[in-house]
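Dear colleague,

I am handing over the structure below, with an account of what was found in it. Please read the notes alongside the coordinates.

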Amino acid sequence: MTHTADLSDGSDSTVAESVLCTLRDNGVDYIFANFGTDHTPLIEAAARLRDDREEDSFPEFIPCPHEYVALSAAHGYAAVTGDPQAVLVHVDVGTQNLGAAMHNAHRANVPIFVMAGLSPVSDAAGLGGRDHPIHYFQDVFDQTSIVSEYCRWTNEYQPPADPREVVRRGLERAASTPPGPTYLSFGREAFESPVPKPTQEIGTVRQTRPTGADRETVADLTDQIEEADRPLVITSNSLGTDSVDTLVSFAETAGAGVVEHIPSALCFPRDHDLHVGFDATEALAHADLLLLLETDVPWVPSETDVPSDLNVVQIDTDPTKAAYPHWPFTVDHTVMADPSETIQAVTGQIDEGADNTVWREMHRERIETASDRVNSDRADDRLTPTVLSNEISKYVDEDTIVMEGVVTNRQATLHQIPLSEPGSYFWRGGAGLGWAVPAGIGAKLASPESRVISLIGDGGYLFSNPASSIITAENAIAPTLTVIYNNESWEAVREATRSQHGNGASAMDGVPEGSYGRSVDFSRIATMSDGYTRAIDDIGVVSEALNEAVDAVDNGTNAVLDVRLDE
């Protein structure tokens, strides 16, 4: 039986239509959607708007065959732009399929507006009510609890609430500090409800963030920095608008070295002579003042000794890290403020910075070590992660965006690809593997003129839902290059086992559980589309294969390279 929304009371739109238009009015360009039977109000609303030639009044739908892909693509877009996009999933099962992608967005503090349908509530025949057996199976007691821990805000739309205000609030909470996912659930009956034509404007979506520190605090910080002989910065996350240039200016003025520890974005140019690496262990032995700027995990206590007499100052928008059950890092002086604004103010007050010789020497040694390692591997004719990363670096320019998703080979990519441009590098921010491939789709949509390269391990590639990612990239017309660092194993599992039980039975047996099965040609998955695919295991053809793949991507075609690495 066919039903039509009852607009006889003078209303000229449904809640679903109002939601779509409100998203667009507040800067949402895309809805990364995995459609289900609960989405019929939105599908009909979009069709009506298209019929009225108002297709620009609502976001573009990007069909995504898997929810992990949808959320990761939205994550990639928001990481590049800072603007939340929308994700649409199907009841409780679709919410569960968000899985690790929701975890990543939560830990990376990336704003995303997730919408999920609910099972209809009405048994009576009528618009939006239950008309299929599946609607009884889908009905659960608390769908929102599946993701509530990872969200900055959750809500269920219930009429007669103004849908515009509900959407505005969800977007605002996603963009507040710390930003992250929000989750709005809705029933079919609720979204089919008529709403009056808007008679007044709603408020704007505020993107709130603490300001810089006050004058007294800035003066105190300046004194501490001027008294230090070897100040050191540890940072992991973007400090805000123009933060890379701000941190460079501060480091050069203060004579400070900079460590990017587990970076989720490029925080400091990696070719700058004050960049002292990605692990603070060695640098801490030289420092006499430590500044923690927007970092969730500045070091690993079991692996890094922090001198007991080292003065540790934290400048952070979220200093107590409420989302972490355990945060065992001792801080002597905490400043809850915008780090970028704060260090910019401090920079202007510094009369004389420290001698930065020790940091420049550490940087030089790091660069020489990286060069020696790649030269040694080339001399041995070995196709290692170091060699592969070095080859990829030849195709990275100021307009390239690297989405990094390797695990055990991460250090090779960080040291061999010397990125320096703000917005040129992103990492998933959490523990959910597979992110880099679908996130690259979102990054390409956000920056169409950029060359997007996604780096991922073989195990991670399987987690990326590669077939769904390929289809989504085709739907979005967002070509990217995926390079698979294929060591034919879950190497992180092996490394962890050897670390904990180095002389144990499993290590002596080669940690067989580190293998997930027989070797396959991962590039063959990508042949389901017309993209460029190739599997290689010879160092002699790496340059040729990369050149062909990059040429394909630059000409609008997806490319996947499966690179079998030497141990």
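Strand β17 (residues 481-486) and strand β19 (residues 559-564) run parallel and are joined by six bridges. Within this pairing, Asn486 stands opposite Arg564 in β19. This is a predicted model, in which local features need pLDDT of at least 70 and side-chain atom pairs count only at pLDDT 80 or more, whereas totals for chains, interfaces and linings use all residues. Residues are numbered from 1 along each chain as its sequence is written, and side-chain values use heavy atoms, with hydrogens and water left out.

As for terms, helices (H or I, at least four residues) and strands (E, at least two) are DSSP runs numbered from the N terminus, and two strands pair if DSSP finds at least two bridges between them.

The open sheet has six strands in the order β15-β14-β16-β17-β19-β18, with parallel pairing. Because β15 (425-427) and β18 (532-536) stand at the edges with a single partner strand each, one side of each is left without a neighbour in the sheet. From one strand to the next the twist averages 15°, with axes taken as lines fitted to C-alpha atoms, for helices over the stretch in contact, and angles running from 0 to 180 degrees between N-to-C directions. Helix α15 (residues 436-446) lies across β14 (400-405), β16 (451-457) and β17, and runs at about 170° to β16.

Thr400 belongs to strand β14 and is buried, with a relative accessible area of 1% (buried means under 20%, exposed over 50%, partly exposed in between, with a 1.4 Å probe and protein chains only). Its side chain makes a polar contact with the side chain of Asp397 at 3.0 Å; a polar contact is a pair of N or O atoms within 3.5 Å, where within protein one must be able to donate a hydrogen and the other to accept it, and residues adjacent in sequence count only if both atoms are side-chain atoms. Not counting residues up to four places away in sequence, Thr400 touches Tyr395, Ser424, Arg451 and Ile453, contact meaning heavy atoms within 4.5 Å.

Arg164, in helix α6 (residues 163-175), also counts as buried, at 13% relative accessibility. The side chain of Arg164 makes a polar contact with that of Asp162 (2.9 Å). Beyond four places in sequence, the residues that Arg164 touches are Ser18, Thr22, Pro198, Gln200, Glu201 and Ile202.

Some backbone features also deserve a look. Most residues other than glycine have a negative phi, and most peptide bonds are trans. The peptide bond from Pro159 to Pro160 is cis, with omega near 10°, and Pro160 lies in the loop between β6 (153-156) and α6. The bond from Thr177 to Pro178 is likewise cis, with omega near -5°, and Pro178 is in the loop between α6 and β7 (181-186). Lys321, which is not a glycine, has a positive phi of about 50°; this residue is found in the loop between β12 (311-316) and β13 (333-336) and is buried, with a relative accessible area of 3%. Asn465 has a positive phi near 55°, and its place is in the loop between α16 (458-463) and α17 (466-476).

With regards
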